[in-house]
Amino acid sequence: MRARFPTIAADRGHYESYYLRAAHPERPLALWLRHTVHKPPGGPAVGAQWLTLFDAERGEPPAAFKASGLTPRAATAGSDTGDGIVLGDSVFTAQGVHGATPGGEGRWAIDVRDGAPALAHLPRAWMYRAPVPRTKSGSPHPAARLHGTVALHGRTLELDGWPGMVGHNWGAEHAERWIWLHGIAFDGAPDAWLDLVCGRIAIAGRTTPWVTNGVLHLDGVRHRLGGLGPGAIRATRVTETPTTAHLELPGADGLRVTATVAEPPAQAAAWRYADPSGGEHVSTHCSVARLELALTPSGRRLTTRHAAAYELGTREAPAGVPVLPFPDP
């Protein structure tokens, strides 16, 4: 969770995102909380708080709010909070997030417990030091239990051990197109989780095929999925829309995973997401999605009915999903 933005040279662009999600273990109810930093080349770093509540039982669009224009600070290493970010009076670390929006529209006091060991999505340590890939991502806790409260627009959710995760990504620019897929609370396999990122990168006017890096944790074993090798890239198949996706992913140990994700109607939240070098993407996110995994050669199947997160980043506006009226940065 170490903050990268304080060390970025003045003439460089940068983005950084700290995020937490938690899903009710039995109901299609979830929250998605982010603290972000946006820094254009030659400009100052600007922070924002993002909060989204999903409730498919109500059949209403997600409740969302964003507070922009905040000055980010790194949480002090070695303090009670540890590494992370401070935005206004909100402190976000791997141990939890505590604070509120400046105007009081939302507030949160969430503690992270029983966190799984950190996951580095990129398979080699040097990739986090090198300028390429320009997007770095990892999960300080790819699975955890969340305790506390979160409130938005007068509604308060009580978290009493909800399954969830804590993530962190940063870089000089966003991928041209990306997918983040996270699954927890699988039927019959409560300790299983899936955490993977997929990206297509623009190089010299052309867009690369999908490159996927992630892990399926099952029966105490982490199975690496995707990878940067030519064979892994050729074997990866991705079909996506703003609310559904189908992925065929090779594993490093002979496992092959087919993932199918679908969102309930009207449960996607689309946000404008500025690029450090100019322009913007749209990030379309749902944290109450249904995810089905088919494993080859074992034939085993895993399903989480409403505790998956599916995020699609695109240049174009998502068809059928209204973009929320919050500018970025």
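Student: In the hairpin of S17 and S18, which residue takes a positive phi?
Tutor: Keep in mind that this is a predicted model. Strand S17 (residues 211-218) and strand S18 (residues 221-226) pair antiparallel over six bridges. Two residues sit between the strands, and the one with a positive phi, near 55°, is Asp-219.

Student: Which residue in S18 stands opposite Asn-213?
Tutor: S17 covers residues 211-218 and S18 covers residues 221-226, and the two run antiparallel. The residue of S18 that faces Asn-213 is Gly-226.

Student: How many bridges pair strand S23 with S24?
Tutor: S23 covers residues 280-296 and pairs with S24 in the antiparallel sense. The bridge count for S23 and S24 is 10.

Student: How many bridges join S13 to S24?
Tutor: S13 and S24 run antiparallel. Ile-179 stands opposite Leu-312 in S24. The number of bridges joining S13 to S24 is six.

Student: How many of the residues of S24 are buried?
Tutor: The cut-off for buried is under 20% relative accessible area. S24 is mostly covered. Of its 14 residues, the number buried is 12.

Student: Now the rings. What is the angle between the planes of Tyr-18 and Phe-92?
Tutor: The model has 10 aromatic pairs. Tyr-18 and Phe-92 form one of them, with 6.1 Å from centre to centre. The pair counts as tilted, with an angle between the planes of 45°.

Student: How far apart in the chain are Tyr-18 and Phe-92?
Tutor: Tyr-18 is in strand S1 (residues 14-23), and Phe-92 is in strand S7 (residues 90-93). The pair thus links distant parts of the chain, with a separation of 74 residues.

Student: Why does Tyr-18 count as buried?
Tutor: The limit for buried is under 20% relative accessible area. Phe-92, its ring partner, has 0% relative accessibility and counts as buried. Tyr-18 is buried because its relative accessible area is 0%.

Student: What kind of aromatic pair do Phe-65 and Phe-326 form?
Tutor: Phe-65 is buried, and so is Phe-326. Their ring centres are 6.2 Å apart. Planes over 60 degrees apart count as edge-to-face. The angle here is 75°, so by that cut-off the pair is edge-to-face.

Student: Why does the pair of Phe-65 and Phe-326 tie together parts of the chain?
Tutor: Phe-65 lies in strand S4 (residues 63-70). Phe-326 lies in the segment after strand S24 (301-314), so the pair ties together parts whose separation in sequence is 261 residues.

Student: Which element gives the largest share of the lining of the largest cavity?
Tutor: The count is one cavity of 30 Å³ or more. Its lining is Tyr-15, Thr-36, Val-37, His-38, Tyr-273, Ala-274 and Asp-328. Strand S2 (29-39) and strand S22 (269-274) each give two or more residues to that lining. The largest share, three residues, comes from S2.

Student: Is Ala-274 buried or exposed?
Tutor: Ala-274 lies in strand S22. Its relative accessibility is 6%. The cut-off is under 20%, so Ala-274 counts as buried.

Student: What is the volume of the largest pocket?
Tutor: The largest pocket is lined by 33 residues, and those closest to its centre are Pro-133, Thr-135, Ala-175, Gly-199 and Ile-201. By class, the lining has 20 nonpolar, nine polar and four charged residues. The volume is about 790 Å³.

Student: How many charged residues are in the lining of the second largest pocket?
Tutor: This pocket holds about 530 Å³ of space. Among its 20 lining residues, Ile-8, Gly-13, Pro-131, Gly-171 and Ala-172 lie nearest the centre. The lining has eight nonpolar and five polar residues, and the number of charged ones is seven.

Technical notes:
Residues are numbered from 1 along each chain as its sequence is written. This is a predicted model: local features need pLDDT of at least 70, side-chain atom pairs count only at pLDDT 80 or more; totals for chains, interfaces and linings use all residues. Side-chain values use heavy atoms; hydrogens and water are left out. On a 1 Å grid over the protein atoms alone, a cavity is a set of points where a 1.4 Å probe fits but cannot get out, and a pocket is an open set with protein on both sides within 12 Å along at least five of seven lines; lining residues have an atom within 4 Å of a point. Grid points are joined across faces, edges and corners, and a volume is the space filled by probe spheres set on the points. Helices (H or I, at least four residues) and strands (E, at least two) are DSSP runs, numbered from the N terminus. Rings of Phe, Tyr and Trp (its six-membered ring) pair if their centres lie within 6.5 Å; planes under 30 degrees apart count as stacked, over 60 as edge-to-face and the rest as tilted. Buried means under 20% relative accessible area, exposed over 50%, partly exposed in between (1.4 Å probe, protein chains only). Two strands pair if DSSP finds at least two bridges between them. Ala, Val, Leu, Ile, Met, Phe, Trp, Tyr, Cys and Pro count as nonpolar, Asp, Glu, Lys and Arg as charged, and the others, Gly among them, as polar.
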